[in-house]
Amino acid sequence: MIQVAILGATGSIGQSTLDVIARNPDQYQVFAVSGHQRLAELLDICKKFQPQLAAVPEEKAVYFQEQLLAAGCSTEVVAGKEGLQALASTPEVEVVVAAIVGAAGLLPTLAAIKAGKRILLANKEALVMSGALFMDAVKTHQAVLLPIDSEHNAIFQCLPADFAKRSFAEQGIEKLLLTASGGPFRGWSKESLQAVTPAQAIAHPNWSMGQKISVDSASLMNKGLELIEACWLFSVQPQQIEVVVHPQSIIHSMVSYLDGSVLAQLGNPDMRTPIAHALAWPERIPAGVEALNLITSTALTFEKPDEDAFPCLKLARQAFEAGGTAPALLNAANEVAVAAFLAQQINFTQIPEVISQVLEVSTIQAANDLEFLLSEDQRANQLAASIIQNFH
């Protein structure tokens, strides 16, 4: 029985993971879960799956332990950042699903890596922030890193099994084709985007996701973060990745080879597919996802992204090329800007303005130290907040 820890169990990735595990009870068991705000949902998860450990914020720990006892649940509560890192590295756990949104997921994911776990990575921000440090830790501690973002999982499935051991040139790989749905505002002009509301931005046409990632998808920042993540996961440069807008979200990404072949991974837009793939890799298990019906599927179309109306993609590419702390600054500024947009403090088109200003006034430095990276993340948070204040 494979023991699984789910960091961010109440989010959409966590919920999809729990569904896959419930469909394969003879192979997987939920050993540990974490939650931050939606503790009523976390309590329901604990009652259903009876995990050994649950991590919650420090100030909620006593209350949540009382709730568990009242429900007749023997789950032990661990608290705060330290508790979360201890949960992620606990010896009994073999697989850690890293699904905490944003910079908060970095330290527990690194703790799991240092414990040599199999990491199912959904938290792209952790890798965006710490890049080289993150990948060096994976190698040093012989962790297994498997992407469960649908696009990176698709690329993983379309690459040779030993892609990490040889260069792309040696394997005849020309480029990676990273698909994007285009979000709810595909085709909109820059001017028309100024009036969009948070409700419109989180209404993704194809995927069911949390608010932050939905806004990132609408601004194309999600694709920018995925481009940076792909560079680190697959050891490529931005010029070896082409972003292609594919509104139907049927082809999840592709790999183009020098002989003219383009390999694609297709499927209905359901996160349970990449989660099940990574959980069982190199085997396959049921995910509860209906097989793609090519006869009834709509026509598949493709177009270039509009980087003028959606400059976040360009900003992400530039941040990776700048290197050092630039991706961490980009990520921090975006998190603050998205939160401000959701709180209706800025409009949608001011999200890239905040990010651009943070990058312009910041000195890009080497990112060789985790504590320094985290301090730069906090500094960028404060800088972005002050820039937002100046908008009013």
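**View 1. Aspartate 149 in the loop between strand 7 and helix 7.** In this predicted model, aspartate 149 sits in the loop that runs between strand 7 and helix 7. Its relative accessibility is 7%, so aspartate 149 counts as buried, the cut-off being under 20%. Apart from neighbours within four places in sequence, aspartate 149 is in contact with Leu121, Ala122, Lys124, Glu226, Glu229 and Met271.

**View 2. Glutamate 151 in helix 7.** Glutamate 151 belongs to helix 7. The residue is buried, because its relative accessible area is 10%. When residues up to four places away in sequence are not counted, glutamate 151 touches Leu178, Thr179, Lys223, Glu226, His252 and Ser253.

View 3. An unreviewed UniProt entry lists Asp149, Glu151 and Glu226 for "binding site". These residues span 78 residues in sequence, yet no two of their C-alpha atoms are more than 8.4 Å apart, so they gather at one spot. Glu226 is among the contacts of aspartate 149, and Glu226 is also among the residues that glutamate 151 touches.

**View 4. The second largest pocket.** The second largest pocket holds about 800 Å³ of space. Its lining is made of 33 residues, and those closest to the pocket centre are Met135, Leu145, Phe163, Ala164 and Leu233. Two or more lining residues come from each of helix 6 (124–140), strand 7 (144–147), helix 7 (150–158) and helix 10 (221–234). Helix 6 gives the most, with 5 residues. By type, the lining divides into 22 nonpolar, 5 polar and 6 charged residues. Domain 1 (2–147) and domain 2 (165–268) both contribute to the lining, so the second largest pocket lies between them.

**View 5. Leucine 220, a residue with positive phi.** Leucine 220 is not a glycine, although its phi is positive, at about 70°. Leucine 220 is placed in the loop between helix 9 (211–219) and helix 10. With 5% relative accessibility, leucine 220 counts as buried.

**View 6. Serine 249, a residue other than glycine with positive phi.** For serine 249, phi is positive and near 55°. The loop between strand 9 (241–245) and strand 10 (251–257) contains serine 249. A relative accessible area of 5% makes serine 249 buried.

View 7. Tryptophan 281 and proline 282 are joined by a cis peptide bond, with omega about 10°. Proline 282 lies in the loop between helix 11 (272–280) and helix 12 (312–322).

Note on methods: Residues are numbered from 1 along each chain as its sequence is written. This is a predicted model: local features need pLDDT of at least 70, side-chain atom pairs count only at pLDDT 80 or more; totals for chains, interfaces and linings use all residues. Side-chain values use heavy atoms; hydrogens and water are left out. On a 1 Å grid over the protein atoms alone, a cavity is a set of points where a 1.4 Å probe fits but cannot get out, and a pocket is an open set with protein on both sides within 12 Å along at least five of seven lines; lining residues have an atom within 4 Å of a point. Grid points are joined across faces, edges and corners, and a volume is the space filled by probe spheres set on the points. Helices (H or I, at least four residues) and strands (E, at least two) are DSSP runs, numbered from the N terminus. Ala, Val, Leu, Ile, Met, Phe, Trp, Tyr, Cys and Pro count as nonpolar, Asp, Glu, Lys and Arg as charged, and the others, Gly among them, as polar. Domain bounds come from an automatic or database domain assignment. UniProt positions are given in the numbering used here, feature names are shortened, and annotations may be inferred rather than shown by experiment. Buried means under 20% relative accessible area, exposed over 50%, partly exposed in between (1.4 Å probe, protein chains only). Contact means heavy atoms within 4.5 Å.
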